[in-house]
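Subject: Structure handed over, with notes on what was found

Dear colleague,

I am passing on the structure that we spoke about, and I would be glad if you could look through it with the notes below at hand. The sequence and the structure come first, and the findings follow.

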Amino acid sequence: MSLRRAAIAGIHEYPDRLTPGMSRLQIKAVSAGRALADAGLHWSDVDALYDAGEVGPMSGIAVAEYFGVTPRVIDTTAVGGSSYEFHAAHAMRDIAAGRARVALLTYGSTARSESRAIGTGGRAGQATPASSMETPYGLNLIANYALVARRHMHEYGTTPEQLAEIAVTARAHAVRNPEAVAALKSLGIRHTGEITIDDVLSSRQIADPLHLLECCMVSDGGGAVVIVADDVARDLRHPPVWLLGAGEAVGYPGNDRDITTSAAARSGPAAFAEAGLAPTDIDIAMIYDSFTITVLTLLEDLGFAEKGGGGTFAVGGRLRWDRPGAPALNTDGGGLSSNHPGMRGIFLLIEATRQLRGESTSQVPGARHAIAHGNGGLLGTRHAAGTIILGKD
Amino acid sequence: MSTDTTGTSRAERPAPQRPLPLFPEPDTEPWWRATAEHRLLYQVGASGRPVFYPRLVGPDALEPGGEWRESAGAGGVYSYTVLRRHGHPFFRSQLPYVVGFVDLDEGFRMLAQVDADPEAIRVGMRVRVGWEDHDGLSVPVFVPDEGRDSVP
């Protein structure tokens with residue numbers, strides 16, 4: 001008997017980026033209901049629940065109760081922004097094993113309304129060996145990524161202009177996405193049009209060599225994804241978007257680790273091997289863009305460019321939706337210019353699905369294969385890498 | 001009531017303090033206790049390779065037993081950033097300041113502040129450990145080692 005295949009059948013991205021008065025649980029429930037409706041399913045169909053725990057301890061119980069579902073698979077893997085790629089990988093596995101038929105992934109965040117830092121490095125309060133050694137130095141979220149950018153520049157001659165190009169591309173896609181434009185306006189960003197490399201490099205430096213416009217926005221938001229077994233997928237509202245391959249890995253500081261290479265160098269090849277595909281087969285690259293350096297590093301680690309070649313790979317607008325010869329990058333506008341409530345991984349799956357359905361606001365004609373790569377935690381120190389390869393019939 | 005209200009309030013307002021490690025934290029507490037004597041320790045595991053951060057059970061052993069050694073405190077900057085914005089009052093008072101990974105000559109890497117000119121700091125700069133004394137521990141803050149050549 002062949003293993004059951006898994007497909008994304010329902011998606012929803014909560015449209016608002018400012019949600020005063022809403023709780024995280026409410027955003028999750030609204031998104032879940034709409035994603036189930038998008039698929040043509042109902043709460044009673046859900047038999048597997050995946051949750052990153054953002055509503056609090058023992059979220060597997062709390063979220064099941066609120067939704068009124070009775071899952072037979074409960075997975076609360078929490079690895080920051082990459083949690084949803086891990087959840088998708090686990091849903092593939094659980095569906096293949098016959099343990100689940102309809103899997104529900106949800107996310108809700110009120111990071112902007114709470115005006116809290118969204119860094120995933122852990123705050124004072126619970127001492128760990130890592131926090132004990134690092135807390136006295138104030139290495140904040142942006143500075144952590146800046147360490148990678150500085151070393152990348154040192155080793156490979158990567159330039160600020162090359163990094164800026166990634167932010168320029170994200171904004172070009174955001175301008176085409178009405179929800180992203182509304183997001184920029186609602187978050188008080190005055191200039192909501194396209195930006196130039198000079199705009200990025202003349203924005204203020206936060207942690208050398210990273211500038212303000214190289215940093216993701218801080219929003220509220222959320223979303224949901226419904227993943228189903230192949231026999232369920234055939235009868236639903238949309239053509240299935242198949243999950244073809246998955247890879248998981250973690251990285252952490254070592255005494256001789258090359259910090260310009262992330263754990264994606266392990267999760268990516270595993271996912272491509274399972275899918276039987278190569279980077280040159282990919283039309284859509286949904287790559288976690290917490291900062292510009294994140295994307296540059298991940299493009300290399302995933303095999304789109306050789307190590308050190310990410311800068312030249314990204315320049316000249318090559319990653320825009322309408323340029324042939326390279327995958328289209330973050331066609332929804334990304335975390336840099338559309339939606340980053342703290343854990344962006346779910347939106348990577350959602351926009352990849354839109355592209356393979358033909359529903360993106362920056363639709364790549366004939367898009368057939370997509371990659372969604374989430375980076376959770378902190379790229380410069382300890383982080384998680386989740387890679388999912390998606391495809392349509 | 002004093003008429004010199006400005007001067008009084010300024011004098012009474014405590015300067016923001018550097019956040020320090022929270023104890024108990026049994027893996028790293030011995031390391032921090034040694035800093036009070038200005039000793040920079042690291043561990044060596046069963047294979048002879050350095051282990052850092054310190055921990056009870058090292059990655060090359062199945063039982064506790066890492067050996068503590070003392071570093072000479074000299075190394076090179078592996079990477080760095082110059083912080084120019086910060087949300088914490090102490091670090092805001094330090095801006096701009098340098099944090100980086102320092103590769104110690106004994107073969108371990110630690111994150112630390114480097115008290116160097118933000119315009120002069122560079123990858124490969126030779127540094128040596130300095131100490132900022134607090135109650136019961138000292139925080140390593142590296143300083144440029146002027147007499148030494150840089151290593152790329």
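Helix H7 of chain A, in this predicted model, has 14 of its 16 residues buried, so H7(A) is largely enclosed by the rest of the structure. It covers residues 160–175 and reaches 23 Å from its first C-alpha to its last, which is close to the 22 Å expected at 1.5 Å a residue.

With 16 residues at 1.5 Å a residue, H6(A) should span 22 Å, and its end C-alpha atoms are 23 Å apart, which agrees. H6(A) is mostly covered, with 13 of its 16 residues buried, and the residue that follows it is Gly157(A), whose phi is positive, near 75 degrees.

Which residues touch the most other members of the largest nonpolar core? That core holds 152 residues, and those with the most contacts to other members are Val225(A), Val226(A), Ile227(A), Leu243(A), Leu349(A) and Leu390(A).

Turning to chain B, you will find three helices and eight strands, which run from the N terminus in the order α-α-β-β-β-β-α-β-β-β-β. Of the 152 residues in chain B, 33% are buried, and among the contacts in chain B with a separation of 6 or more, 50% are between residues 24 or more positions apart. Here too UniProt has an annotation from an unreviewed entry, "domain: ChsH2 C-terminal OB-fold", which is listed for residues 68–131 of chain B. Over that stretch of chain B the chain is 9% helix and 52% strand, with the end C-alpha atoms 20 Å apart.

One of the sheets in chain B is an open one of three strands, in the order E2-E1-E3, with antiparallel pairing. Its edge strands are E2(B), residues 50–51, and E3(B), residues 67–70, each of which pairs on one side only. Strand E1 of chain B, residues 41–44, pairs with E3(B) in the antiparallel sense over four bridges, and Val44(B) has Glu67(B) in E3(B) as its bridge partner.

Strand E4 of chain B, residues 74–83, deserves a separate look. Nine of the ten residues of E4(B) are buried, so this strand is largely enclosed by the rest of the structure. E4(B) pairs with E5(B) in the antiparallel sense over eight bridges, and in this pairing Ser79(B) stands opposite Phe101(B) of E5(B). Three bridges also join E4(B) to strand E7 of chain B, residues 126–133, again running antiparallel; here Ala74(B) has Arg128(B) as its bridge partner, and Gly75(B) stands opposite Val127(B).

From E7(B) the pairing goes on to strand E8 of chain B, residues 138–144, in the antiparallel sense and over seven bridges. Trp131(B) stands opposite Pro140(B) in E8(B). In the hairpin of E7(B) and E8(B), four residues lie between the strands, and Gly136(B) takes a positive phi near 90 degrees.

Finally, how many residues of each chain are in contact with the other chain? On the side of chain B there are 34, and these are in contact with 27 residues of chain A. E4(B), E5(B) and E6(B) each supply at least two residues of the side of chain B that touches chain A, and the largest share, six residues, comes from E4(B). By class, this side of chain B has 19 nonpolar, eight polar and seven charged residues.

With kind regards

Conventions:
Residues are numbered from 1 along each chain as its sequence is written. Chains are lettered from A and ligands numbered from 1 in the order in which they are written. This is a predicted model: local features need pLDDT of at least 70, side-chain atom pairs count only at pLDDT 80 or more; totals for chains, interfaces and linings use all residues. Two strands pair if DSSP finds at least two bridges between them. A nonpolar core is a set of buried Ala, Val, Leu, Ile, Met, Phe, Trp, Tyr and Cys residues joined through C-beta atoms within 7 Å. A residue is buried if 20 or more other C-beta atoms lie within 10 Å of its own, exposed if 12 or fewer, and partly exposed in between; C-beta atoms are placed from the backbone. Two residues are in contact if their C-beta atoms, placed from the backbone, lie within 7 Å. Ala, Val, Leu, Ile, Met, Phe, Trp, Tyr, Cys and Pro count as nonpolar, Asp, Glu, Lys and Arg as charged, and the others, Gly among them, as polar. The expected span of a helix is 1.5 Å times one less than its number of residues. UniProt positions are given in the numbering used here, feature names are shortened, and annotations may be inferred rather than shown by experiment.
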